[in-house]
Amino acid sequence: MDSKNSNLSIESYARFRIYHELMSKKVREILLVSSPYDAFIMEEDGSLASRIINEYSGLNLSHPPRVTRTSSAYDALALLRMRKFDMVLTTPHLEEMDAFSLGLQVKKMNPELPVVLLAHSPRGIYPPPENKNCEGIDKIFIWSGNSDLLLAMVKNAEDHLNVDIDTQKAKVRVLLLVEDSPIYYSSFLPLIYKEIVRQTQAVLKVGLNEEHRLLTMRARPKILLATSYEEALELYQKFRSFLFGVISDARLPKNHQLDDNTGFLLLSQIKKEVPDVPLLLLSSEPSNREKADQVPAEFLDKNSPHLLSELHNFFLTRLGFGDFVFRMPDRKEIDRAPDLRTLERKLSQIPDESLCFHAERNHFSNWIMARSEIALASKFREVQASDFSSVPEMREYIISNIRALRKLRQKGVVARFRADHFDPYITDFLKVGQGSLGGKARGLAFMSAVLGQNQELHEKYSQIKIRIPKTLVICTDGFESFVTKNHLQRFAKENLADKKVAQGFLKAEIPEWLVKDLQAFVAQVTIPLSVRSSSLLEDAQFQPYAGLYHTYMIPNNHPDPSVRLHHLITAIKLVYASTYYESPKAFSRSTSNQPQAEAMAVIIQQLAGKEYGDYFYPAISGVAQSHNFYPVSHMKPEEGIAHIALGLGKTVVEGEKTLRFSPKYPKIMPQFSTVKDILVNGQRFFYALRIKNYAEDPKDWKNSNLEKREVDDAENEFPVRTLASTYVPEEDRIRDTGYIPGPKILTFAQVLKYDIFPLPQLLSDLLTLGRKGMGCPVEIEFSVNLSPDKKRKSDFHFLQIRPMVADEDRFEVEITSEELDRAFCRSTQALGNGKNEKIADIVYVKPDVFETKATVQIAEEIGQINAGLLKDKRPYLLVGPGRWGSADRWLGIPVQWRHISGVGAIIELRNEKLKADPSQGSHFFQNITSLGIDYVTVTEGPESEDRFDWQWLNSVPVVQETPFLRHVRVEKPLILKIDGRKSECVIIEAQDISIDGR
């Protein structure tokens, strides 16, 4: 018996990859050998080639074959020597030789090449006396003007070519048609093929995406044609394990003699050996119905005027292409299920007697097999009802396996959202619309596919659920339709304040088709949501637009669906509006992109986290990069760096206080060197989403709906207790536990020192995976939910991946000892590579009047000076204390891109007033590096090798001055040189440079 474990392994399904290998031998080139007269008769209503093409397109089948015609048998043989053909189609009357002799010649050249004889009448098909067995001809068909026959001949030839490999590789099913009369099987085979294709397509209407549907078509049952008892018996015995059904004529040749009883004998033997396989007996004699009842088998009268509809009914009811009909043992119908989702739901409701009735007859297996879900159907077939100790155990086994299949089908697939098939518990990644997914969603979809295919990673970290949060993407055509319908294009060109743009977008109407889909979505989804941007340019290689657009979090737990819909639509409008905000437009101008060319997709994503009292947040959020721009100790740049924080990721991506470590050396933390360092640098605040007593009116939304909480306020909540250490004042030491009295300090010691969660190792593996997939250094955003119950798995949510700009193949830049001596600025932590001789303006924060409480005002003053320099096209060097672009005003100056859009290089000063770590984990830093703007960190102090000459700077002529800034200009552009290999930088006055320019 097969294992009762309901987990269907990824290997057993190998996703859709195995489908790519099916039907590997296709009929793409047909050689038609026919006399002009035969060709005229068959092509009276159009050429064979065009008929085949029409038939393929009518059934949405791909790659119709190409037909090459010749009237000469000798020319045909010559063509076969010159070109590769997949099938030879010949008519009976050829000038140089008969069709059978041609077939023998073809078989001598290529025994495996199918040769089919197509005649417009059974009369006149006489093989020569020496070839009574019709050797050289694989099948004879009778042309009656029905172009369906052309499709059937091609598909039947393909089935015979592929059946051996496909049954072994993927357990593809086999339907056996046994009929000796060319007239009848030329009529039946097209009916059966058309029925199989159409029924398979009907089943696949609930397919995940176009690729899934096309590939699953390849796993449809193979139809094998046998024309005698012996041939049928041989095929049955060879493919017995894969038999899907048998359709047989009652009167068949046996030992070269027609026997009225042969079909009955064949079906009786099959029924005895494989009791649950569907059987159909065909006969033009109504009296043979009694023989069919004896088998027992279904019976159809060949002369019935309703033969087509009766055959259609056989496929629906007996082969499993229709609804699953739940019946009691007396065959009374009690319910129906049209798809797997409904089947799973109703299996928990039907009586035990009905469940046993179907399970004992393999009805579940047959029905699932018709949906080309071969692995599960085979698994069900191998298990007997008697293998279970109770009916509830069997019921749970069937339900859990179907649920596992439905979840597995979604992994790594971007499926279309369908309101009538939406299941929030199964679907992982859906899209609404036909446009682009946008950059951010494209990266997520890529990693979803990578994670779905990488079974080794899941096995290595079997105690963790590694996944992408459930995602719905509104494609860019939603944005384009919204903007066009409401005439919002003007906002791309007008320089309006962000607030004005938001007001204009909030007044606009979302397209009706999008509202209907969102309505269906919120009707079933009541978990907190993140509504994020995914623009065409966002997270693109070399110009990532990181963090320039807005994100909104919504609790999405209001009991009224219409309120939830209103909140979601408001958030979408605000994300759309951020396309035309000041900072994205300024950044676009810096990259030579036009704001009006931007199009926005929106990601609606399950918010990663758990509920703690009135709040919702993850235990850990973070950013990891595969390239470390500022390695210390024995770290190497290619070993990467990570920044983590408690709560939602706003802390990390906006440059507030985080914990920085290398995944390779998680215990080396320079900012936590001493007890004093830990107390100063430890995270004090975190962000969480309020999910109770929150502002229901969107007008009151602030900070993307997030609340900034003090760590001390949450000391009794599980994440803080687990991740925090406790400061013991009387001992002046920090103990690595959050479960004793005293002030809590976030050190993440339980993760980084005691390995309760293998975060460093997992990040290393994911960065390697991402780098391989993207072909360049990458940055990922993630979150972690820690489980308080050791028996339950913790969650690792993969939130985003984007390419990094890390110029590893750097050209050599030499900095001489003379330049080191003469430089007014020297740094051992510089980002960039090369020589810059374009900057003559310096804008710096006056150190004597700087106050951390004034950083917001300083950002605005920089914006004013930036506007004038940008207008004059004068790039400038920006100098100031702390972390540039940080959202935490106490760590640095919270500039946005609109404040510094003309900057040429930036110096970040670390001194006693502000000693924040370098800002490489933030969105601001990512955008700076993507534009190739040199970023220099200067650590001031007697023990530092870095230097900044304030005396020289104060002597430079002043252009303008504000309360906190001074703008100065030198006569000749400065020389800024960075050796990227050593992260070393010097900035020197032009007149101090030697003649060779080095």
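Predicted model: local features only at pLDDT ≥ 70, side-chain atom pairs only at ≥ 80, totals over all residues.

Author: The side chain of Glu298 meets that of Arg318 in a salt bridge, with 3.4 Å from N to O. Glu298 belongs to strand E12 (residues 298–301), whereas Arg318 sits in the loop between helix H13 (307–317) and strand E13 (324–327), so the pair ties together parts that are 20 residues apart in sequence. Arg318 is likewise partly exposed, its relative accessible area being 28%.

Arg822 and Glu818 are both found in helix H32 (residues 817–822), where four residues, about one turn of the helix, separate them. The closest N and O atoms of their salt bridge are 3.0 Å apart. Arg822 has a relative accessible area of 43% and is partly exposed; Glu818, with 39%, is also partly exposed.

Salt bridges with shared partners also link Arg341, Glu344, Arg403, Arg406 and Asp423 in one network.

A further pair is formed by Glu731 and Arg735, whose closest N and O atoms are 3.2 Å apart. Here, too, Glu731 is partly exposed, at 38% relative accessible area, and Arg735 is partly exposed at 32%.

The salt bridges in the model number 48 in total.

Conventions:
Residues numbered from 1 in each chain as written. Heavy atoms only, no water. Salt bridge = Lys/Arg side-chain N within 4 Å of Asp/Glu carboxyl O. Helix = DSSP H or I, 4+ residues; strand = E, 2+ residues; numbered from the N terminus. Buried < 20%, exposed > 50% of the residue type's maximum accessible area, 1.4 Å probe, protein only.
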